[in-house]
Amino acid sequence: MKQLSPGSSDRIELMQTFIRIVESGSLSASARQLGVSQPTVSRRLQALENMLGQKLILRTTHALKLTDDGERCYRHARQLVNNWYALEDELTNIHDEPVGTLRVRAPHAFGQDQMITPLAEWLKSAPDLKIEWMLNDRTPDFVAENIDCAIQVGALSDPDLVAIQIAEVPRYIVATPQLLSHYSPVKELSQLAELPWMALSQFYRTEITLRCPQEETRQTLTIEPRLTSDSLYAVHKLLFSDLGVALMSSWIVEQDLAAGRLVHLLPEWQADPLPVWLTYPWASYYPARLRHFFAMIKQMVPNLAGARPTGR
């Protein structure tokens, strides 16, 4: 077996760096994710290639391309690094405590509002854990962005992920009393289409489907929004400018409804609740920090204000 020369990076570090280069797509991106300089990443790649005696990556002006040997090295390196993490956890973390850094993506509004307090409480109970809490509403690229897991709301687009539905969020059609005072009282579903609307682009744009549980019927309503946004916070704030009606997640409007600042229109007609998912790439081994986070999030999210267990 070939030996590393004195002062060289250890094999695990070299393989970790190689995996990050492949999965992030560039030396600069992998350097940012690893928290080192780009020359350091280049040196580690060169050290691994020298150690193995094979060219692993071909660099072109615009992209990196794995050689055949690079493809084989990547497959084996992922398995070896996973096995090393498992061994390290078993031998050094005998109490199975969450340690290290966890990178989590969450929806901007939900992750900034509902989840912050329970997340802080959990962090206090895990003093050796660090979390990178990234808020973004788009679908994450787990591999390229080096994300461990995500909380996602709504429909999923990647069938290859492990996806566990952990809760659901009811939605209400709401408007201000001031806006509604300019229109006839809304008593029929067809009257909703006559009102001005605002839309949340990731969940609905020009139509909404509502169901009436009592009558076991569903109807689709066509709307013409005056404003469309991808921000739940923006639409919520614009409601109080009397610009239109909106279909909103229950948690963000519950206090407004209780105080009379907003009105829940036709509550007998319900939009399908938004599913809340815990998603992550499949792996043969998950470190303690991930397993503990999975358990915490499954218990915590269904009990958040405005959320509920699936199927209620």
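Mentor: Start with Leu266, in the loop between S13 and strand S14 (270-271). Strands (E, at least two residues) and helices (H or I, at least four) are DSSP runs, numbered from the N terminus. This is a predicted model, with residues numbered from 1 along each chain as its sequence is written. Local features need pLDDT of at least 70 and side-chain atom pairs 80 or more, totals for chains, interfaces and linings use all residues, and side-chain values use heavy atoms, without hydrogens or water.

Trainee: Why is Leu266 called buried?

Mentor: The relative accessible area of Leu266 is 6%. Buried means under 20%, exposed over 50%, partly exposed in between (1.4 Å probe, protein chains only). Leu266 is therefore buried.

Trainee: What makes the backbone of Leu266 worth a remark?

Mentor: Its phi is positive, about 45°, although Leu266 is not a glycine. Most residues other than glycine have a negative phi. Asn146 has a positive phi too, about 55°, and is not a glycine either. Asn146 sits in the loop between strand S4 (129-135) and strand S5 (149-153). At 21% relative accessible area, Asn146 is partly exposed.

Trainee: How do you know that S7 pairs with S12?

Mentor: Two strands pair if DSSP finds at least two bridges between them. S7 (residues 171-175) and S12 (residues 246-249) are joined by four, and they run antiparallel. Arg171 stands opposite Ser249 in S12.

Trainee: What joins S7 to S13?

Mentor: Two bridges, again antiparallel, to S13 (residues 263-264). Val174 has His264 in S13 as its bridge partner. That makes the pair count, because at least two bridges are required.

Trainee: Why are S12 and S13 said to stand at the edges?

Mentor: The three strands form an open antiparallel sheet, in the order S12-S7-S13. S12 and S13 each have a single partner strand, so one side of each has no neighbour in the sheet. As for S7, four of its five residues are buried, so the rest of the structure largely encloses it.

Trainee: What span should helix H3 have?

Mentor: The expected span is 1.5 Å times one less than the number of residues. For the 15 residues of H3 (residues 38-52) that gives 21 Å, and the end C-alpha atoms are 21 Å apart, which agrees. H3 is followed by Gly53, whose phi is positive, near 70°. H11 (residues 288-300) has 13 residues and reaches 18 Å, close to the 18 Å expected. Buried residues of H11 include Leu290, Phe293 and Ile297.

Trainee: What makes Glu49 and Lys55 a salt bridge?

Mentor: Their side chains meet at 3.8 Å, N to O. The rule asks for a side-chain nitrogen of Lys or Arg within 4 Å of a carboxyl oxygen of Asp or Glu, so the pair counts. Glu49 is buried at 9% relative accessibility. Lys55 is partly exposed at 46%.

Trainee: Why are Glu121 and Lys124 about one helical turn apart?

Mentor: They are three residues apart in helix H6 (residues 116-124). An α-helix has 3.6 residues a turn, so residues three or four places apart point the same way. The closest N and O atoms of Glu121 and Lys124 are 3.5 Å apart, and they form a salt bridge. Glu121 is partly exposed at 47%, whereas Lys124 is exposed at 63%.

Trainee: What distance separates the side chains of Glu132 and Arg103?

Mentor: It is 2.2 Å, N to O, so they form a salt bridge. The pair links distant parts of the chain: Glu132 is in S4, Arg103 in S3 (residues 100-106), 29 residues apart. Glu132 is partly exposed at 34%; Arg103 is buried at 16%. The whole structure has 13 salt bridges.
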